[in-house]
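Please load the model in your viewer and keep a selection panel at hand.

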Amino acid sequence: LSPTVTGIEESTTVAIFSKVSDMKSRGEAVNGALCVGQPDFPPPPEAIAATAEAASKGLTSYTGVNGTLELRKAISEYLGEHKSVQYAPEEILVACGGKQAIYQVMLALCQDGDEVI
């Protein structure tokens with residue numbers, strides 16, 4: 001394995017999530033707040049309906065790694081209307097999660113010996 005990979009330590013949040021998941025699978029009561037961003041509420045009915053509709057239309061394949069243009073346009077409009085900031089869809093990147101996105105940016109931009117504050 002590469003030195004970059006062998007030098008990576010396990011994330012504390014991942015370790016806690018794994019422990020909590022193991023405890024739950026054994027039927028132990030666990031404070032759900034010790035998770036890694038898992039919602040403790042059901043998705044809105046609109047999201048469930050949209051997911052079912054997309055699946056019934058066969059929209060089950062992987063999308064482009066930066067998100068679909070339709071989604072990036074919707075995010076652009078939302079940011080303009082609700083946050084008063086303007087971004088073109090081409091400036092928006094949809095990621096699997098915040099920690100993963102930040103990690104990938106740091107991996108791409110930082111070199112050995114760089115100081116990151």
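Which element gives the largest share of the lining of the largest pocket? Select helix H5, residues 98-109, which contributes 4 residues to that lining; helices here are DSSP runs of H or I with at least four residues, strands are runs of E with at least two, and both are numbered from the N terminus. Before going further, note that this is a predicted model, in which local features need pLDDT of at least 70 and side-chain atom pairs count only at pLDDT 80 or more, while totals for chains, interfaces and linings use all residues. Residues are numbered from 1 along each chain as its sequence is written, and side-chain values use heavy atoms, with hydrogens and water left out.

Stay at the largest pocket and select Gly-64, Val-65, Val-94, Ala-95 and Cys-96, which lie nearest its centre among the 15 lining residues. A pocket is an open set of points on a 1 Å grid over the protein atoms alone, where a 1.4 Å probe fits and protein lies on both sides within 12 Å along at least five of seven lines, and lining residues have an atom within 4 Å of a point. The volume of this pocket is about 300 Å³, counted as the space filled by probe spheres set on grid points that are joined across faces, edges and corners. Coloured by residue class, the lining shows 9 nonpolar residues, 6 polar and no charged, where Ala, Val, Leu, Ile, Met, Phe, Trp, Tyr, Cys and Pro count as nonpolar, Asp, Glu, Lys and Arg as charged, and the others, Gly among them, as polar.

Next, select the cysteines Cys-96 and Cys-110. Cys-96 counts as exposed because its relative accessibility is 86%, whereas Cys-110, at 25%, counts as partly exposed; buried means under 20% relative accessible area, exposed over 50%, and partly exposed in between, with a 1.4 Å probe and protein chains only. The structure holds 0 disulfides, a disulfide being a pair of cysteine sulfur atoms within 2.5 Å.

Now zoom out to the whole protein. There are 5 helices and 0 strands, and the radius of gyration is 19 Å, well over the 13 Å that the globule rule gives for 117 residues, so the protein is more spread out than a compact globule. That radius is taken over C-alpha atoms, and the rule is 2.2 Å times the number of residues to the power 0.38. Along the principal axes, the C-alpha atoms fill a box of roughly 45 × 40 × 30 Å, and buried residues make up 6% of the 117 residues.

Move to helix H3, residues 45-56, whose 12 residues should span 16 Å at 1.5 Å a residue, in agreement with the 16 Å between its end C-alpha atoms; the expected span is 1.5 Å times one less than the number of residues. Within H3, find Ala-52, which is partly exposed at 47% relative accessible area and whose C-alpha atom is separated by 30 Å from that of Lys-83, 31 residues apart along the chain. After H3 comes Gly-58, with a positive phi near 80 degrees.

Finally, select Ser-84 in the loop between helix H4 (69-83) and H5. Its phi is near 55 degrees, a positive value in a residue other than glycine, and Ser-84 is exposed, with a relative accessible area of 64%.
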